[in-house]
Amino acid sequence: MSQINNSKSSLSIPNTKTIHFLKAANSYVLNENFKKGQTTTLPTKIANYFLANKIAEEVIEKKVRTDYERIKDKLEDKEEENNEKPRYVRHPLIIENTIEARLYQEVSFAETVKKNSLVILPTGLGKTIIAVLSSVYWLSQDKTNKVIMFAPTRPLLDQHFENFSKWLNLMDNEIVQITGKTYKKKRAKMFENARMIFMTPQITLDDFDLKDVALMIFDECHRAVRRYRYVSNAEKYFIEATNPHILGLTATPGTPKKILSVMRNLKINKVSLANEETDTVKPYTHQIYEDYVRITLPPELMKLRNFINNSLKRKLSILSHHPLVKKYVEDKYRINPHDLSRIVKMHMGTMVSVKPILMQVLSLTYLLNLVEAQSIRALENKLIDLQGSRNPIYQEINSILTDLRRKNIEHPKPKIASNIVQNYCKNHEDSRVLVFVQYLDSVDIVLEELQEKGLKVNKLVGQKTMSQDLQREILEKFRNGEFQVLVATSVAEEGLDIAQCDLVVFYDCIPSGIRTVQRRGRTGRRRAGMLIYLYTEGTWEESFIYISRKRIKETNHILKLMERQDDPLDFLREYLHSKNKKMNSY
């Protein structure tokens, strides 16, 4: 599997019994060490594929003593010999001593390599290594085989290309990157000569012959829904490839309904799940401490918040008869602004008759979120964009803002966030801090507050505002310790190789389980970490904390059940059908 035998043949795929003993070996050692109060590196050093596989075969064939006793003796015999020797993946296509062998990655590879598979692994624990193991397996099966790997953004694709280039023993023309910047005339020739190809999903596959593509990898595969290009690329691949295989990678695929869409679109028939609770993962994770900081709006801001909220309710009452909006306003017009914005944008084309009201609803929803969870300055900047409108609602908001400026009243969150970060950095001088902020205007506000505290700080935002080269430069400086605090939008949530952070601050709370898991994954990997959630009392932020928790809990529960199923897709269909039937009975 991940450990190649001494003759350096192709990767071997263990059977179901062997996989069971791989897990049993590591689980036993972990449990024994925990009983002794130890956190040794024994499992990571010697519970490797070779040893566990050999033990498993002996136990299966000879039936000697109990499984655990046999494993225990073998491991103890090897403990001294392997004490200081890290184990590396060995394969003719992998450069020697570049990839450390980890049991949970080996098991996931073994379970999924010959199926269309969904691999779920928390951020920072090496989903990419599973992609490497699967890639070299299929490249080794036939010299004509090719592998394509997709990533949703250029920076993430660059990162994968650079890592694979460091790890794989391939010629320069055999491992290539094809993006929108690649000349169209060169693409076909590059593809023809290459064996490992990295692409952004926007690149059309019509110019390429896919029959020899043995594996197609979709990183951040939770995006494979609706009209995202992952979906059409997978469809074309299954039509044209001689022997197609799919590998989807994600930290979390989302709600059960979204998981169903992803699995259908990528024809997934195997799920492999590992997380912080998995025995084989525990040696590579550390304690994450969480704290929640409640923020109370001053009365003057509550007045503004209530005015915007009541204005929004009046607009929604006009729309309450519309079937697409109705379910979001049934509860006395109390809405989830994130869900409402999404549904309105999705169906704007079919709701032309009420488009002016819809546009106002979107604007008021955005303004409400700014006053509740962001800052007054961010609200002022948004109102500048709306100045061309003579809408009396916006004029009244401007009037209230003028009074707030006169009284020098600001949202307390920027100041509280900067104080928290300052105090932490003062007590942890060598630490790294990442502050997640949803809106671009708020990024600059938080940045200025931190700079006023004398902290070394920088920001990371999307490519519409910041070039890819500048993003790389900032991330490299952050890793090297040239500044201590990074304020970032969602661009830092997904995939990018960001330095281990000791403290992660949620400046604003979000209802998305996917994004919450991705943010959490930025701490607690190499050492203990801390998460701090800032939320405004009496607003949707309070609900978002519980919504995201509930979604993550439900997703983890259903994934654990699916992992044990022979047909996980059919099981998920039945689960959702039963759930909908239960909800409709109320």
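Trainee: What links Phe150, Phe218, Tyr228 and Tyr230 into a cluster?
Mentor: Ring pairs do. Rings of Phe, Tyr and Trp (its six-membered ring) pair if their centres lie within 6.5 Å; planes under 30 degrees apart count as stacked, over 60 as edge-to-face and the rest as tilted. Bear in mind that this is a predicted model: local features need pLDDT of at least 70, side-chain atom pairs count only at pLDDT 80 or more, and totals for chains, interfaces and linings use all residues. Residues are numbered from 1 along each chain as its sequence is written, and side-chain values use heavy atoms, with hydrogens and water left out.

Trainee: How many aromatic pairs does the structure hold?
Mentor: It holds 18. One of them joins phenylalanine 150 and phenylalanine 218.

Trainee: How do you know whether phenylalanine 150 and phenylalanine 218 are buried or exposed?
Mentor: Phenylalanine 150 has a relative accessible area of 0%, and phenylalanine 218 is at 0% too. Buried means under 20%, exposed over 50%, partly exposed in between (1.4 Å probe, protein chains only). Phenylalanine 150 is therefore buried, and phenylalanine 218 is therefore buried.

Trainee: What makes the pair of tyrosine 237 and phenylalanine 238 tilted?
Mentor: Its planes are 50° apart, with 5.8 Å centre to centre. That angle is neither under the stacked limit nor over the edge-to-face one, so the pair is tilted. Tyrosine 237 is buried, at 0% relative accessible area.

Trainee: How do you know that a charge sits over the ring of tyrosine 366?
Mentor: The charged end of lysine 382 lies 4.9 Å from the ring centre. The test asks for NZ of Lys or CZ of Arg within 6 Å of the centre and within 35 degrees of the ring normal. Arginine 519 sits likewise over the ring of phenylalanine 506, 5.0 Å from its centre.

Trainee: Why is helix α20 called largely enclosed?
Mentor: Helix α20 (residues 513–520) has 6 buried residues out of 8, so the rest of the structure largely encloses it. The buried ones are Gly513, Ile514, Thr516, Val517, Gln518 and Arg519. They pack against α10 (256–266), β9 (433–436), β12 (503–506) and α21 (540–563).

Trainee: What makes serine 512 a cap of α20?
Mentor: A side-chain oxygen of serine 512 lies 3.1 Å from the backbone nitrogen of arginine 515, at the N-terminal end. A polar contact is a pair of N or O atoms within 3.5 Å; within protein, one must be able to donate a hydrogen and the other to accept it, and residues adjacent in sequence count only if both atoms are side-chain atoms.

Trainee: Which residues have the most contacts inside the largest nonpolar core?
Mentor: Val421, Val435, Leu460, Val487 and Leu534, in a core of 47 residues. Such a core is a set of buried Ala, Val, Leu, Ile, Met, Phe, Trp, Tyr and Cys residues joined through side-chain atoms within 4.5 Å. A second, separate core has 41 residues, including Ile148, Phe150, Val176 and Ile259.

Trainee: What does alanine 488 touch beyond its neighbours within four places in sequence?
Mentor: Leu434, Val435, Phe436, Val437 and Leu460. Contact means heavy atoms within 4.5 Å. Alanine 488 is in strand β11 (residues 485–488). Its relative accessible area is 0%, so it is buried.

Trainee: Which element has the lowest mean pLDDT?
Mentor: Helix α2 (residues 42–46), at 37, while β2 has the highest, 96. pLDDT is the predictor's confidence in each residue, from 0 to 100. The chain mean is 79, and 77% of residues reach 70 or more.

Technical notes: Helices (H or I, at least four residues) and strands (E, at least two) are DSSP runs, numbered from the N terminus.
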